[in-house]
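Here is a friendly walk through one protein model. Keep the structure open while you read, and look up each residue as it comes along.

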Amino acid sequence: MILRRILIANRGEIAVRIVRSCQRLGIETVLAASEADLDSLAARMADYTICIGPARSSESYLNISAVIAAAEAAKADAIHPGYGFLSENQQLAKACGEAEIVFIGPTVEQLDAVGDKLKARSNAMEAGLPVVPGGEVGNMDEVLALAEQIGWPLLIKAVGGGGGRGMKQVHEPGKLLETIDMAIAEAQAAFGDPRVYLERFVAAGRHVEVQVLGDGENIIHLGTRDCSVQRRYQKLVEEAPAPNLRDSLREEMHRAAVAFARHLKYRGLGTVEFLVDCERDTFYFLEMNARIQVEHPVTEAICGLDLVAEQIVVAEGRPLRLTQEEVRFQGHAIECRINAEDWTRNFCPSPGEVKTAIFPAGQGIRVDTHMQEGAQIPPFYDSMIAKMIVHGEDRSAAIENMSRALSRCEIGGVTTNLPMHLELMNQSAFMAGGVTTAYFPGFLEKKREAGGFNG
């Protein structure tokens with residue numbers, strides 16, 4: 001089925017990003033927007049805009065009935081959910097099927113297979129992938145035995161969690177049971193699913209992921225990304241390819257990601273996330289994200305592809321347009337997430353009106369944003385306002401490009417984390433490459449010790 005009109009069930013920079021790809025492909029776009037986003041850049045760029053409810057996402061972007069009704073009213077052939085909100089929601093995919101609307105994403109069964117963390121672990125093991133030692137929480141006697149088998153410290157993870165939410169560290173047996181009780185209560189409240197499981201906590205770990213693309217039969221990988229610069233499991237800087245990985249380990253991760261997607265007969269764009277255990281020089285499967293991700297532009301930069309366009313091709317039922325042998329990697333790319341927050345005051349959100357928005361341009365620089373002068377940053381949604389992506393012939397050139405691009409960026413009226421990114425680009429540990437997920441918390445701690453910093 002050739003798609004002629006797509007409803008975009010999202011907001012912000014990803015909505016703008018999808019509109020641009022559709023315009024290049026000659027596809028009409030309909031933006032499903034909340035009342036807070038009716039004057040957004042995405043609304044002005046789309047061919048049509050439909051209001052799907054009030055500003056609160058629970059009454060608009062997370063309202064499946066409103067999204068489906070908007071698609072039907074607009075006579076859209078398909079719905080692109082972007083990332084976040086309903087992007088991995090099985091009920092939306094199922095409702096699309098019932099309404100004879102194409103869901104641009106995996107099948108309902110595939111969403112179920114990777115959306116449930118325990119099912120994903122099980123599928124990974126069936127596909128032959130290594131998983132972090134751990135298991136499901138049973139009765140409390142079994143929990144203690146499992147914890148001793150895994151070793152300390154360990155992580156309690158919510159089965160329904162994701163994006164860094166629903167995880168708790170435990171460092172000693174005396175804290176285990178009370179922390180599990182707390183985790184179960186929080187998981188029920190946050191995700192509507194009280195199930196939790198245990199995993200070994202890897203102190204010196206890197207977050208490395210592999211982009212995959214499948215049409216249900218053929219699967220290819222599009223290389224690695226490193227997302228280890230994180231705060232509270234929220235990614236801040238991403239780059240492709242992942243630096244300082246030995247070649248054989250990188251190839252093993254490529255093969256593992258493809259094997260996992262092939263096991264699921266995966267259709268669409270997906271990311272297989274791994275934890276690289278630096279002390280043991282090995283890697284483990286973490287989870288799969290069955291959608292386009294925030295950090296997809298760094299992969300596009302090194303592959304020269306439009307991943308939204310490739311998603312649409314697969315959603316139309318067509319086969320992949322390239323083979324693994326035809327994928328070419330060139331240079332190095334880095335992405336910085338520019339957020340409206342004060343990093344010197346514990347990352348306090350900074351909503352309000354953007355008085356000035358000057359973004360750099362030039363060879364090797366890309367800015368994905370929905371911000372313009374006069375735009376509002378509402379308090380209802382996440383604080384990301386732009387993604388700065390640079391490409392260079394190697395990692396050193398990319399870091400230099402990023403430093404120049406950041407220094408030429410001006411966003412006034414709200415406080416942003418631009419200064420933080422500038423500092424990061426000049427840190428010797430980051431410049432050397434291959435930092436672990438413990439790096440950024442340590443960086444913040446040094447800033448606090450130096451005084452005058454509350455982040």
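The report below looks at one helix, then at some backbone details in loops.

## Before we start

This is a predicted model, in which local features need pLDDT of at least 70 and side-chain atom pairs count only at pLDDT 80 or more, while totals for chains, interfaces and linings use all residues. Residues are numbered from 1 along each chain as its sequence is written, and side-chain values use heavy atoms, with hydrogens and water left out.

Helices (H or I, at least four residues) and strands (E, at least two) are DSSP runs, numbered from the N terminus. Buried means under 20% relative accessible area, exposed means over 50%, and partly exposed lies in between (1.4 Å probe, protein chains only).

## The two sides of α7

Let us begin with α7, which spans 140-150. Which residues of α7 are buried? They are V143, L146, A147 and I150. Seen down the axis of α7, these buried residues fall within an arc of 100° (taken from the directions from the helix axis to the C-beta atoms), so they line one face of the helix. An α-helix has 3.6 residues a turn, so residues three or four places apart point the same way.

On the other side of α7, D141, E148 and Q149 are exposed. The cover over the buried residues includes β6 (134-136), β7, α8 (176-191) and β9 (196-200); here contact means heavy atoms within 4.5 Å.

## The ends of α7

Just after α7 comes G151, with a positive phi of about 100°.

Follow the chain into the loop between α7 and β7 (154-162), where P153 is found. W152 and P153 are joined by a cis peptide bond, with omega about -5°.

## Backbone details in other loops

Where is the cis peptide bond between A240 and P241 located? P241 is in the loop between β12 (234-240) and α9 (247-263), and the omega of this bond is about -5°.

Two residues other than glycine have a positive phi. For F85, phi is near 40°; F85 is in the loop between β4 (78-80) and α4 (90-98), and F85 is partly exposed, with a relative accessible area of 30%. For E100, phi is about 60°; E100 is in the loop between α4 and β5 (102-103) and is exposed, with a relative accessible area of 72%.
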